[in-house]
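User: I have a chain open and want a quick walk through it. Can we take it piece by piece?
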Amino acid sequence: MAKFFEKLSNDCLELLYDKEDFNVIINVGVSPNNKIFQAHTNILRYRSLYFHNELANISKDKNNIKTINLKHVSIQQFEIIIR
């Protein structure tokens, strides 16, 4: 049973890096030190109360994508948070 949950957990983590079917763009940092991350709302919502609330208040664009701007967060900090 433990192996099942370990595999399931790894599968969910792989969604963080899956560029297919993403529906959230996260702009982190301020130019020229900025980076764009792509993610899935389901992963973000269930891993973070902040993202759960933030995503509830953001409208989708014409391509069904939500965009979050995190100018107050460094790229290094966000990479730790997202994992």
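User: Where is the place of P32?
Analyst: P32 sits in the loop between β1 and β2. Keep in mind that this is a predicted model.

User: What is the peptide bond from S31 to P32, cis or trans?
Analyst: Cis. Omega for the S31 to P32 bond is near 5°. Most peptide bonds are trans.

User: How many residues lie between β1 and β2 in that hairpin?
Analyst: Two residues separate β1 and β2 in the hairpin. Strand β1 covers residues 24-30 and strand β2 covers residues 33-39.

User: And how many bridges do β1 and β2 make?
Analyst: Seven, and the pairing is antiparallel. V24 has A39 as its bridge partner in β2. G29 is bridged to N34, also in β2.

User: Which way do β1 and β3 run, parallel or antiparallel?
Analyst: Parallel. Five bridges join β1 to β3, residues 66-70. I25 has T67 as its bridge partner in β3. V28 stands opposite L70.

User: Which residues of β3 are on the covered face?
Analyst: K66, I68 and L70 make up the covered face of β3. T67 and N69 form the uncovered one.

User: Let me zoom out. How many helices and strands does the protein chain have?
Analyst: The protein chain has four helices and three strands. Their order from the N terminus is α-β-β-α-α-β-α.

User: What does the C-alpha trace span?
Analyst: About 45 × 30 × 25 Å along the principal axes.

User: What share of the residues counts as buried?
Analyst: Of 83 residues in the protein chain, 28% count as buried. The chain exposes about 6,200 Å². Carbon and sulfur atoms supply 53% of that area.

User: What about contacts between residues at least 24 apart?
Analyst: Take the contacts between residues at least 6 apart in sequence. Of these, 52% join residues at least 24 apart.

User: And the charges, how many positive and negative?
Analyst: The protein chain has 11 positive and 9 negative charges. Their mean positions are 5 Å apart.

User: Which residues is A39 in contact with?
Analyst: Setting aside neighbours within four places in sequence, A39 is in contact with F22, N23, V24, I26 and L44. V24 is also the bridge partner of A39.

User: What separates the C-alpha atoms of A39 and I26?
Analyst: 7.7 Å. A39 and I26 are 13 residues apart along the chain.

User: Next, helix α2. Which residues does helix α2 cover?
Analyst: Helix α2 covers residues 41-47, and T41 is part of it.

User: Is T41 buried or exposed?
Analyst: T41 counts as buried because its relative accessibility is 8%. Beyond neighbours within four places in sequence, T41 is in contact with N23, V24 and L55.

User: New topic. What phi does N64 have?
Analyst: Near 65°, a positive value in a residue other than glycine. Most residues other than glycine have a negative phi.

User: Where is N64 found?
Analyst: N64 is in the loop between α3 and β3. Helix α3 covers 49-56. With a relative accessible area of 48%, N64 is partly exposed.

User: Last one. What does UniProt list for residues 22-83?
Analyst: The UniProt entry, which is unreviewed, lists "domain: BTB" for residues 22-83. Over that range the chain is 37% helix and 31% strand. The end C-alpha atoms of the range are 16 Å apart.

Methods
Residues numbered from 1 in each chain as written. Predicted model: local features only at pLDDT ≥ 70, side-chain atom pairs only at ≥ 80, totals over all residues. Heavy atoms only, no water. Buried < 20%, exposed > 50% of the residue type's maximum accessible area, 1.4 Å probe, protein only. Contact = heavy atoms within 4.5 Å. Areas by Shrake-Rupley, 256 points an atom, 1.4 Å probe, with all protein chains shown as cover. Lys, Arg positive; Asp, Glu negative; His and termini not counted. Charge placed at Lys NZ, Arg CZ, Asp CG, Glu CD. UniProt positions renumbered as here; feature names shortened; annotations may be inferred. Pairing = 2+ DSSP bridges.
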